Amino acid sequence: MRSHLLNDTTAELYRSSVTEGVERVAAKLATTTRPFTGVTPDALSPTVDAVDLDEPLQDTIAALDELEDVYLRDAVYFHHPRYLAHLNCPVVIPAVLGEAILAAVNSSLDTWDQSAGGTLIERKLIDWTTGRIGLGPAADGVFTSGGSQSNLQALLLAREEAKSRDLSKLRIFASEVSHFSVKKSATLLGLDPQSVVSVPVDREKRMQTVTLAEELRRCRENGLVPMAVVATAGTTDFGSIDPLPEIAELCAQYDTWMHVDAAYGCGLLVSNKNRDRLTGIERADSVTVDYHKSFFQPVSSSAILVRDGATLRHATYHAEYLNPRRTVAERIPNQVDKSLQTTRRFDALKLWLTLRVMGAKGIGSLFDEVCDLAYEGWQLLAADPRFDVVVEPNLSTLVYRYIPADATDPTEIDRANLHARKALFASGDAVVAGTKVGDRQYLKFTLLNPETTLDDISAVLDLIAGHAEQYLGDTLDRAS
Ligand SMILES: *Cc1c(COP(=O)(O)O)cnc(C)c1O
């Protein structure tokens, strides 16, 4: 069994195994004609269930053959131009190379003595990111597993910096279309269920700052304490960006932590033409970025950045075996002092290789392309009487719904749209997302693939219209 350990004597097996895996994936990518096979959980489960994990195959080729059946054949392929559903990007090759290297070397970024140069690389990328944001000389941060963890950590710091220790008094302000991880974090942090005040959005789905001002004032008047305002720079559904400068003003006025959730909108940090849409982000106390959403990085790759690096001490705990107090005096860089995690992947390597091969402009131009595509898609939808489209995109999503010519009851239209999404998924021809706007069922394209064309969008819209019409026709038949 030792022959399976990766070491100085097993280079040949390492090379042949990884190469075989790479070949399988390359062949799969080359021959995949649809983003999905449409397999159902019921159809796939027996194949997975049939595998006896106590009976190893003892052979890499056989295990990869089996993997074809249990996973590769029916996976959802984000690189396919008709995968238009969630915030999953196609990945860039330098980052995939980074993933292969980081897994093999297996550094752990909790301490210097488990990572060495890995820690320095991560720190340099944090500095690079805070520089792009404009957080100033005291800024710092750390890589995390994703935007949800970044938001949790940001709100932990905000809670610790809050002007009251009475958790029942603390309030967080976030727009009604902010990410659900804000509420989840509040619960994890021991705050009241009503601690997250939902601020309404305007027609562009941006936080109404007039209402935010009123809510902050009311909070004070009621003897409560504003703990943080979460501004979203790129809402998950609409890509809308809250008015960051106005929110920064209000946070200054109320001496409140400003967190910017740029999990999605962070791609604008490297945009070659739309960086100004993030103006005001430089005034944040903390920022969430998800490189695995708009920097074309594989899952996972995210970071939390803070204006004042000293606030990260709220995540610092010392263990004699790991990061004893004296290591601080000895100036040994232990990233665990800033992180919610202990053992931690060297995800930063993926971004490092990406920047070293393609550069920030390269990534930015890919993101600019999908934003341009979304704008063209919006024009297409706005001109098409079959569809109602919600807002002109700031980033790369489109929220719309099919409206039949002889528009019937809105609940029927909801059902027709829901059906169209499911039927499309089952066909595997394309994958789109769904969401609600008010009480109504809408559909969503999240465009993150520069290979997707306007023709793809137009073809998928025709498919959706077809499925929706089919559904409405069938219900008419049933009714008559
Ligand atoms: C995706 C998203 C998150 C959560 O990020 P994960 O990486 O999925 O944990 C948070 N906020 C916004 C606005 C998002 O779009």
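**Pockets and sheet of a predicted model**

Reader: Which domains supply the lining of the largest pocket?

Author: In this predicted model, domain 1 (2-77) and domain 2 (108-357) each contribute at least three residues to the lining of the largest pocket.

Reader: What is the volume of the largest pocket?

Author: The largest pocket has a volume of about 1,400 Å³.

Reader: And which residues are the closest to its centre?

Author: They are Val25, Leu29, Val91, Val96 and Pro298, out of the 36 residues that line the largest pocket.

Reader: How is the lining of the largest pocket divided by class?

Author: There are 29 nonpolar residues in the lining of the largest pocket, together with five polar and two charged ones.

Reader: Let us turn to the second largest pocket. How much space lies in it?

Author: The second largest pocket holds about 420 Å³ of space. Its lining consists of 20 residues, and those nearest the centre are Val177, Ser178, Thr236, Asp237 and Thr435.

Reader: Which elements give two or more residues there?

Author: Strand S11 (431-437) and strand S12 (440-446) each do. Strand S11 gives the most to the lining of the second largest pocket, with five residues.

Reader: Which domains does the lining of the second largest pocket draw on?

Author: It takes at least three residues from each of domain 2 (108-357) and domain 3 (361-479).

Reader: What about the classes in the lining of the second largest pocket?

Author: The lining of the second largest pocket comprises seven nonpolar, eight polar and five charged residues.

Reader: A change of topic: in what order do the strands of the open sheet run?

Author: The seven strands are arranged as S2-S8-S7-S6-S5-S3-S4, and their pairing is mixed.

Reader: Why is one side of S2 and of S4 left without a neighbour in the sheet?

Author: Strand S2 (140-144) and strand S4 (196-199) stand at the edges and have a single partner strand each, so one side of each has no neighbour in the sheet.

Reader: In which sense do S3 and S4 pair, parallel or antiparallel?

Author: Strand S3 (residues 170-175) pairs with S4 in the parallel sense, over four bridges.

Reader: Which residue in S4 stands opposite Phe173?

Author: Val197 in S4 stands opposite Phe173.

Conventions:
Residues are numbered from 1 along each chain as its sequence is written. This is a predicted model: local features need pLDDT of at least 70, side-chain atom pairs count only at pLDDT 80 or more; totals for chains, interfaces and linings use all residues. Side-chain values use heavy atoms; hydrogens and water are left out. Two strands pair if DSSP finds at least two bridges between them. On a 1 Å grid over the protein atoms alone, a cavity is a set of points where a 1.4 Å probe fits but cannot get out, and a pocket is an open set with protein on both sides within 12 Å along at least five of seven lines; lining residues have an atom within 4 Å of a point. Grid points are joined across faces, edges and corners, and a volume is the space filled by probe spheres set on the points. Ala, Val, Leu, Ile, Met, Phe, Trp, Tyr, Cys and Pro count as nonpolar, Asp, Glu, Lys and Arg as charged, and the others, Gly among them, as polar. Domain bounds come from an automatic or database domain assignment.
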